[in-house]
Amino acid sequence: MKKTIKLAVVAALALGATSAFATNGDVMIGQGAKSRSMGGVGIAKAFGAESALANPANISSVKDSEATLAVTVFMPSVSFTSDLATTPGSVADSASNLSVIPEIYYAKRLSDKLVLGLAIAGTAGMGVDYDADGSATGSTSGTFRMKTALSLLKVAVPVSYTVGGLTVGLEGVLQYGSLQISHQAQGAPNGFRDNGASSDIGYGLEAGATYTTDGLTLGAVYKSKIGMTYENTISASIGDFGQTNNITSGDNLDQPAEIGIGISYTMGESTISADFKNIAWGEAAGYKDFGWENQDVYAIGYEYDAKAWAVRLGYNYAQSPIVEQAITGNGEGSTKNFFNLAGFPGIVETHYTLGGAYSVSEALTLDAAFIYVPETTNTYNVSELNQQPTAEFATVKHSQMGVTIAGTYAF
């Protein structure tokens, strides 16, 4: 049965690329074009069927039946340099600079109070590709030919129930994940580690609620942690760097729990909405082992809805969950710093968004969103990395652009 589920989810995941940079750590700032164009809000602001993975209570906003197909194209720009380089001053640009992420949403009103939905969507990921940086015997820019690809896709069945101004929502979540890590390493067979992609399926629960009165909506949401294990990936890589006894989660890389609140106010054609959420990276196996800290995310968005068309804009800020680790004398801090910067640089913080909608007919609406993320630069100490004892620093630069296009059909 598990193999059958995997095949079905892999087929959906195959619509997109195997690595996708997201923006709050490894989590996309929002699901669907409407949310992303408003800075990722969606806890209190309802977007019909697209609300399933933001707050399941908000699928209650569909009038009858509604289906949405969305495609997001992410264009990250990541570069790396360090004094690990065999060619001093050289910079490597990651070849993982384009990712396509699919989303499918459906919701149907069963009664005045009850709405049932379905969501199949890529929700998170990250990846770099420095495999061409140097040869098997050396790395031009000190990347050790690091190549990573993490992709996550969720399948959820939300249900919402409304009594008066109060709506509650609940959904079970199946998450499919794939992780690949390869790199040069002195401890690896023939000096290079490539175990291929490893996948797993995990399960979680998401719950939400909203209360609406006189144009004002308050919302809250909780998403449980989802345990994930990618066999023969993280543990093998860490072992090559001599850190098996210091970084102890093995191949576990759990997707962290989230909790959030939101507020939205509509007056005439204008709506302003704001969300706050906390992503518990520091309590998730794998991430906490590499020193990731819990992350507070702030989002605000504005919408002018003229019915036949709409204009949206937004802002999203979250301080990077990745912090420089202290040098302790056993190489642990340097190894964490190197893997965080070279392999999983989820360091971007500020996001500017805009977009809009156009109603082709009473049934069909087209939406679009654009996200711009200015460059963030981090430099960490890697002076005790056992790959190169004379190393002192590593620097990564990361910026992003993203475009989402969606079509929604109401019937």
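A cavity is a set of grid points where a 1.4 Å probe fits but cannot get out. In this predicted model, the structure holds 3 cavities of 30 Å³ or more.

The largest cavity has a volume of about 380 Å³. It is lined by 34 residues, and those closest to its centre are Val-27, Leu-53, Lys-223, Glu-258 and Lys-277. Several strands contribute at least two lining residues each: β4 (114-129), β5 (147-163), β8 (198-213), β9 (216-223), β10 (258-267), β11 (270-279) and β12 (295-305). Sorted by class, the lining of the largest cavity comprises 16 nonpolar, 12 polar and 6 charged residues.

## The second largest cavity

The largest share, 3 residues, comes from α3.

In the lining of the second largest cavity, 10 residues are nonpolar and 4 are polar, while no charged residues are present.

## The largest pocket

The largest pocket has a volume of about 1300 Å³. Among the 45 residues that line the pocket, Ala-46, Gly-48, Ser-61, Lys-63 and Asp-305 are the closest to its centre. Two or more lining residues are given by each of β1 (65-82), β8, β10, β12, β13 (309-318), β14 (350-359), β15 (364-381) and β16 (393-410). Of these elements, β13 gives the most, with 3 residues.

The lining of the largest pocket divides into 10 nonpolar, 21 polar and 14 charged residues.

## The nonpolar core

The largest nonpolar core has 57 residues. Those with the most contacts inside this core are Phe-80, Met-146, Leu-150, Leu-179, Trp-292 and Phe-338. Both strands and helices take part: β1, β3 (99-109), β4, β5, β6 (166-184), α3, α4 and β16 each supply at least two residues. The most is given by β4, with 6 residues.

Leaving aside residues up to four places away in sequence, Leu-179 touches Ala-149, Leu-150, Gly-196, Ala-197, Ser-198, Tyr-230, Thr-233, Ile-234, Leu-253 and Phe-344.

How values were computed: Residues numbered from 1 in each chain as written. Predicted model: local features only at pLDDT ≥ 70, side-chain atom pairs only at ≥ 80, totals over all residues. Heavy atoms only, no water. 1 Å grid on protein atoms, 1.4 Å probe; cavity = no way out; pocket = protein on both sides within 12 Å on 5 of 7 lines; lining within 4 Å. Points joined across faces, edges and corners; volume = space filled by probe spheres on them. Helix = DSSP H or I, 4+ residues; strand = E, 2+ residues; numbered from the N terminus. Nonpolar A, V, L, I, M, F, W, Y, C, P; charged D, E, K, R; others polar. Core = buried A, V, L, I, M, F, W, Y, C linked by side-chain atoms within 4.5 Å. Buried < 20%, exposed > 50% of the residue type's maximum accessible area, 1.4 Å probe, protein only. Contact = heavy atoms within 4.5 Å.
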